[in-house]
Amino acid sequence: GYIRQTGAPLELYDTPANRFVASFIGSPAMNMMEGTVQMDDGPAVQIGATRMPVHGSHGISDGQAVLYGVRPEDMSLADTGFPATVSVVEPTGSEMHVISKMEGAEIVSVFRDRPPIKPGDRIHLEANPDRVHLFDPETGARIGA
């Protein structure tokens, strides 16, 4: 094995150095989606037909391919955002895990407020732009801050 990152548990969780650490630390694992940086109206990542804003520069440039990472608990229901179709709703007691399909990707969201959704429902999800992680799709290394 290889040491991929060292640090305190919350440091690894909050600022993973690479895709492996981001996917390994946390349950459910971080969502990862392929996208392209768009700088038209401020930094964002275009994922299929959906444009998702990111806060901060991350050291990214227009047209750059990235992996857009967001933790399930950093997703919320919204009027706009990722259009998704709910596949599975899993109540776990204090929270609800929702698995949905968006642009061919499987997205896991965790909600504490237990929204009234069921498999087959069309929903919109948005990510907290302050909690988005960007990774290089070739090397897996974290991009920027």
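This is a predicted model: local features need pLDDT of at least 70, side-chain atom pairs count only at pLDDT 80 or more; totals for chains, interfaces and linings use all residues.
View 1

**View 2. Pairing of β5 with β6.** Strand β5 (residues 75-91) runs antiparallel to strand β6 (residues 96-102), and six bridges join the two. Val89 has Val98 of β6 standing opposite.

**View 3. The open five-stranded sheet.** Five strands in the order β3-β2-β1-β4-β9 form an open sheet with antiparallel pairing. Because β3 (50-53) and β9 (133-135) each have a single partner strand, one side of each is left without a neighbour in the sheet. Neighbouring strands of this sheet are turned against each other by 45 degrees on average, direction ignored.

**View 4. Pairing of β4 with β9.** Three bridges link strand β4 (residues 65-70) to β9 in the antiparallel sense. Tyr68 stands opposite Leu134 in β9.

View 5. Asn31 belongs to strand β1 (residues 31-38). The residue counts as buried because its relative accessibility is 4%, below the 20% limit. A polar atom of the Asn31 side chain lies 2.8 Å from the backbone oxygen of Val108. Leaving aside residues up to four places away in sequence, Asn31 touches Tyr68, Gly69, Val70, Arg71, Pro72, Met75, Glu106, Ile107 and Val108.

Terms used: Residues are numbered from 1 along each chain as its sequence is written. Side-chain values use heavy atoms; hydrogens and water are left out. Helices (H or I, at least four residues) and strands (E, at least two) are DSSP runs, numbered from the N terminus. Buried means under 20% relative accessible area, exposed over 50%, partly exposed in between (1.4 Å probe, protein chains only). A polar contact is a pair of N or O atoms within 3.5 Å; within protein, one must be able to donate a hydrogen and the other to accept it, and residues adjacent in sequence count only if both atoms are side-chain atoms. Contact means heavy atoms within 4.5 Å. Two strands pair if DSSP finds at least two bridges between them. Axes are lines fitted to C-alpha atoms, for helices over the stretch in contact, and angles run from 0 to 180 degrees between N-to-C directions.
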